[in-house]
Amino acid sequence: MCQSVDPRDKRLRTSALVSIGEINLVIDSGPDFRQQMLREGIERVDAILITHEHNDHVIGLDDVRPFNFIYRRDMEVFATSHVNQELRMLSYVLPPTNIQGFQ
């Protein structure tokens, strides 16, 4: 555990938010996703891009669901065809029709 008081030493696992106008796109959703969104005061996520299927990039997808409940709409998820196939195991979070595959 990091005992430093320097806030730069309080890192979380990678996720990124890209805001373009009124659109919020999240890149990856690791295990710290919820904490990151709360810390930054993010109230809306419009889409998510999953770079690959490793746990440290997808395990936070369950925490994306509250954003859908608040706005009562589906969220687009973008991933390669391979990642799309791997994400089928999370069908309770991501209905297959929401995952947009690309090469």
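Author: Start with one residue. Val18 has 32% relative accessibility, so Val18 counts as partly exposed. Buried means under 20% relative accessible area, exposed means over 50%, and partly exposed lies in between (1.4 Å probe, protein chains only). Before going on, note that this is a predicted model: local features need pLDDT of at least 70, side-chain atom pairs count only at pLDDT 80 or more, and totals for chains, interfaces and linings use all residues. Residues are numbered from 1 along each chain as its sequence is written, and side-chain values use heavy atoms, with hydrogens and water left out.

Reader: Where does Val18 lie?

Author: Val18 is part of strand β1, residues 16-20. Strands (E, at least two residues) and helices (H or I, at least four) are DSSP runs, numbered from the N terminus. The chain has four helices and five strands. Their order along the sequence is β-β-α-β-α-α-β-α-β.

Reader: Which residues make a nonpolar surface patch with Val18?

Author: First, the idea. Patches are made of residues with over 30% relative accessible area and no salt bridge; nonpolar side chains (Val, Leu, Ile, Met, Phe, Trp, Tyr) are joined within 5 Å, like charges within 9 Å. A salt bridge is a side-chain nitrogen of Lys or Arg within 4 Å of a carboxyl oxygen of Asp or Glu. Here, Val18, Ile20 and Ile23 make a patch of about 260 Å². Areas come from the Shrake-Rupley method with a 1.4 Å probe; for residues, only the protein chains shown count as cover.

Reader: How many bridges join β1 to β2?

Author: Two strands pair if DSSP finds at least two bridges between them. β1 and β2 run antiparallel, joined by five bridges. Ser19 stands opposite Asn24 in β2. Two residues sit between the strands of this hairpin, and Gly21 takes a positive phi near 65°.

Reader: What does Ala16 touch?

Author: Contact means heavy atoms within 4.5 Å. Not counting residues up to four places away in sequence, Ala16 touches Leu25, Val26 and Ile27. Ala16 lies in β1. At 33% relative accessibility, Ala16 is partly exposed.

Reader: In which sense do β2 and β3 pair?

Author: β2 and β3 (residues 47-49) pair in the parallel sense, over three bridges. Val26 stands opposite Ile48 in β3. Leaving aside neighbours within four places in sequence, the contacts of Ile48 include Val26, Leu61, Val64 and Phe78.

Reader: Which residues have the most contacts inside the largest nonpolar core?

Author: In soluble globular proteins, nonpolar side chains tend to be buried together. A nonpolar core is a set of buried Ala, Val, Leu, Ile, Met, Phe, Trp, Tyr and Cys residues joined through side-chain atoms within 4.5 Å. The largest one here has 17 residues, and Val45, Ile48, Ile50, Leu61 and Leu87 have the most contacts inside it. α1 (33-40) and β4 (76-80) each supply at least two residues of this core.

Reader: Is His57 buried or exposed?

Author: His57 is buried, because its relative accessible area is 12%. His57 sits in helix α2, residues 55-58. Beyond neighbours within four places in sequence, its contacts include Asp28, Ile50 and His52.
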